[in-house]
Amino acid sequence: MCGIHFFHKLLFGMTCPFLIHPQITLLLKDFQWLEKPLPNQRAPLTSDILESCIYVLRSGYHSPWVDRTLESLFMLAFFGFLRCSEITASSTSFDPSSQPCLSDISILSSDTLTFYLKKSKTDQLGSGTLIYYFKLWSHISPYEPLSHYAHLRTSAGALPTDPLLVNEKGRIVTGSSHLQDVLLTAGYPPEQFSGHSFRSGAASSAARQGIPEYLIKQLSRWSSEAYRAYIKTNPSIIKQPQKSAKNSKNTKNP
């Protein structure tokens, strides 16, 4: 069908009229009903799993530098409802105009900082999104490790346009290769998780605490026409889902 539509439009400059016939439309809908969606094999990395991973890192998983970098990566991804691919690189090449830089972290106050996400899967045009992180007065809190990591990078002579997350050799962090090893060390089956698990885990943890669906969709930056009105949510409201996601492990299922 797509091939017919493409070549008809290429030859005649218009949509093939037969493809918009009511009977063809109904037939295509029937095919969609017959399709069985593939099960999502990626388990959510929820707050309790995150806490176990952070404990592994703080206990000396690798070198001090790698441990701090990974902790910052995990905190950014979970509390920002991000995919790892949105804050790491697919290769060693780096483009500061589209990839996360050190300057994308901004300290607003003693308990609030922001991360500027230049581009994401739901923002292909690169309009940019400002994500808030807060001090949650807990050992699992994003503000302290992120602000500390940014300070360490600056103290080491890093430029604002340098990559945000780098390894010991100063090269940009690629993918989430360490995630599998950290999960295994923490006692979780690594094959069930991926870089997307932080995003789904944060959403799942927030949902357990009764956070409104519209707010979860906004924080996760899911495409939805119905939630445009909530784009300018006050930062004080955004703080609550982060606190709830962190504390969800204390909630017992009925």
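Which residues does Asp67 touch, not counting residues up to four places away in sequence? The contacts (heavy atoms within 4.5 Å) are with Leu57, Gly60, Tyr61 and His62. This is a predicted model, so to speak of local features takes a pLDDT of at least 70, side-chain atom pairs count only at pLDDT 80 or more, and totals for chains, interfaces and linings use all residues. Numbering runs from 1 along each chain as its sequence is written, and side-chain values use heavy atoms, with hydrogens and water left out.

Asp67 sits in helix H4 (residues 64-79), helices being DSSP runs (H or I) of at least four residues, numbered from the N terminus. One of its contacts, Gly60, comes just after H3 and takes a positive phi of about 100 degrees.

Now for the rings. Aromatic pairs (Phe, Tyr or six-membered Trp ring centres within 6.5 Å; planes under 30 degrees apart stacked, over 60 edge-to-face, the rest tilted) come to 4. Trp65 and Tyr149 make a tilted one, at 6.1 Å centre to centre and 50 degrees between the planes. Trp65 belongs to H4 and Tyr149 to H5 (residues 143-155), so this pair ties together parts 84 residues apart in sequence. Tyr149 is buried at 3% relative accessibility. Tyr132 and Phe134 are stacked, because their centres lie 6.3 Å apart with planes at 10 degrees; both are buried.

Methods:
Helix = DSSP H or I, 4+ residues; strand = E, 2+ residues; numbered from the N terminus. Buried < 20%, exposed > 50% of the residue type's maximum accessible area, 1.4 Å probe, protein only.
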